[in-house]
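Good morning, and thank you for joining. I would ask you to keep the sequence and the model in view while I speak about helix packing and nonpolar cores.

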Amino acid sequence: MDSTVLFALGLTLFAGLATGIGSLIAFFASRTNTKFLSVSLGFSAGVMIYVSMIEIFFKAKDSLTAAQGETAGYWLTLVGFFGGMVFMAVLDRILPQMGNPHEVRTVEDMDEGPTNDEYARLRKMGIFTALAIAIHNFPEGIATFMSAIQDPALGIAIAIAVAIHNIPEGIAVSVPIYYATGSRKKAFQYSFLSGVSEPVGAIAAWLFLMPFLSDTLFGIIFAGVAGIMVFISLDELLPAAKRYDEAHLSIYGLVAGMAVMALSLVLLA
């Protein structure tokens with residue numbers, strides 16, 4: 001295992017375990033800083049959308065056209081890109097609705113104690129949410145890992161964006177588990193473990209994709225990664241940011257994320 005692979009795995013681990021940060025916020029913060037959350041989620045979406053559409057998509061296209069020719073390569077890029085979107089859309093549809101990771105929760109939800117007959121439902125909700133987020137994070141792990149392998153600077157940017165959006169997911173897991181069990185430890189464990197699937201996805205990519213990596217396979221995977229990240233941004237990050245939105249802060253964060261990503265790509269080129 002060379003240093004590049006170790007670096008990529010480390011970035012993915014950092015991004016995935018940010019769910020634990022969300023859990024800690026739920027336990028130790030008195031109120032959710034809605035302005036910060038709105039800007040942060042918008043910023044994360046801006047980074048993901050810009051890097052997907054401007055950088056990753058065209059790197060996938062260049063790789064595929066070099067291997068398959070201009071016309072076939074472009075079509076394969078489109079298939080990979082929209083295939084990534086369809087994959088995430090299908091994944092969202094088959095996950096239990098109760099455990100949909102896009103259901104945003106805040107620290108304030110912990111102040112709304114359940115009635116006695118809600119404890120079992122809350123436990124089930126928390127477990128399903130943890131499972132849903134774990135499944136949801138698996139392809140994100142592949143995306144972060146493959147990006148870092150191809151371009152370490154790009155991998156850092158994506159890992160930070162993914163980590164930011166994993167924090168509210170940690171809150172979503174920990175709040176119902178805490179109220180169902182009364183145990184902060186169990187709530188943190190479920191939240192923490194839901195993020196472990198991200199480095200697991202990276203390890204799967206390393207074990208099963210890297211040995212067979214070619215220009216064609218790399219291009220298709222990278223196009224799929226771009227589609228996955230755009231879908232996550234539009235379906236998850238921006239709606240969540242708008243829920244916390246105050247005076248269009250989520251859009252300001254989105255533009256700032258795009259600008260920072262654009263500047264970093266120029267400076268690190």
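This is a predicted model: local features need pLDDT of at least 70, side-chain atom pairs count only at pLDDT 80 or more; totals for chains, interfaces and linings use all residues.

H2 covers residues 18-28 and H6 covers residues 152-181; their axes come within 6 Å and cross at roughly 55°. At that angle, H2 is oblique to H6.

Which residues make this contact? On the H2 side they are Ala 18, Thr 19, Ile 21, Gly 22, Ser 23, Ile 25, Ala 26 and Phe 27. H6 contributes Ala 163, Asn 166, Ile 167, Gly 170, Ile 171, Ser 174, Val 175 and Tyr 178. Sorted by class, the contact of H2 with H6 holds 10 nonpolar and six polar residues, and no charged ones.

I turn now to the second pair, H3 and H9. Their axes are 6 Å apart and the helices pack at an angle of about 45°, which makes H3 oblique to H9. The crossing of H3 and H9 is right-handed. From H3, the residues in contact include Gly 42, Phe 43, Gly 46, Tyr 50 and Glu 55; from H9, they include Gly 253, Leu 254, Gly 257, Met 261 and Leu 265. The class count for the contact of H3 with H9 is 15 nonpolar, six polar and two charged residues.

Glu 55 deserves a separate remark. This residue lies in helix H3. Is Glu 55 buried or exposed? Its relative accessible area is 17%, so Glu 55 is buried, the cut-off being under 20%. Leaving out residues up to four places away in sequence, Glu 55 touches Tyr 50, Asp 151, Leu 154 and Leu 265.

Finally, the cores. The largest nonpolar core has 50 residues, and those with the most contacts inside it are Ile 56 and Phe 145. Among the elements that give two or more residues to this core are helix H1 (3-16), helix H5 (119-150) and helix H7 (184-209). Which helix supplies the largest share of this core? That is H8, with 15 residues.

Neighbours within four places in sequence aside, Phe 145 is in contact with Val 5, Ala 8, Leu 9, Thr 12, Ala 202, Ala 205, Trp 206 and Met 210.

How values were computed. Residues are numbered from 1 along each chain as its sequence is written. Side-chain values use heavy atoms; hydrogens and water are left out. Axes are lines fitted to C-alpha atoms, for helices over the stretch in contact, and angles run from 0 to 180 degrees between N-to-C directions. Helices (H or I, at least four residues) and strands (E, at least two) are DSSP runs, numbered from the N terminus. Angles under 35 degrees count as roughly parallel, over 145 as roughly antiparallel, 65 to 115 as roughly perpendicular and the rest as oblique. Contact means heavy atoms within 4.5 Å. Ala, Val, Leu, Ile, Met, Phe, Trp, Tyr, Cys and Pro count as nonpolar, Asp, Glu, Lys and Arg as charged, and the others, Gly among them, as polar. A nonpolar core is a set of buried Ala, Val, Leu, Ile, Met, Phe, Trp, Tyr and Cys residues joined through side-chain atoms within 4.5 Å. Buried means under 20% relative accessible area, exposed over 50%, partly exposed in between (1.4 Å probe, protein chains only). A crossing is left-handed if the near helix is turned anticlockwise from the far one by less than a right angle, and right-handed if clockwise.
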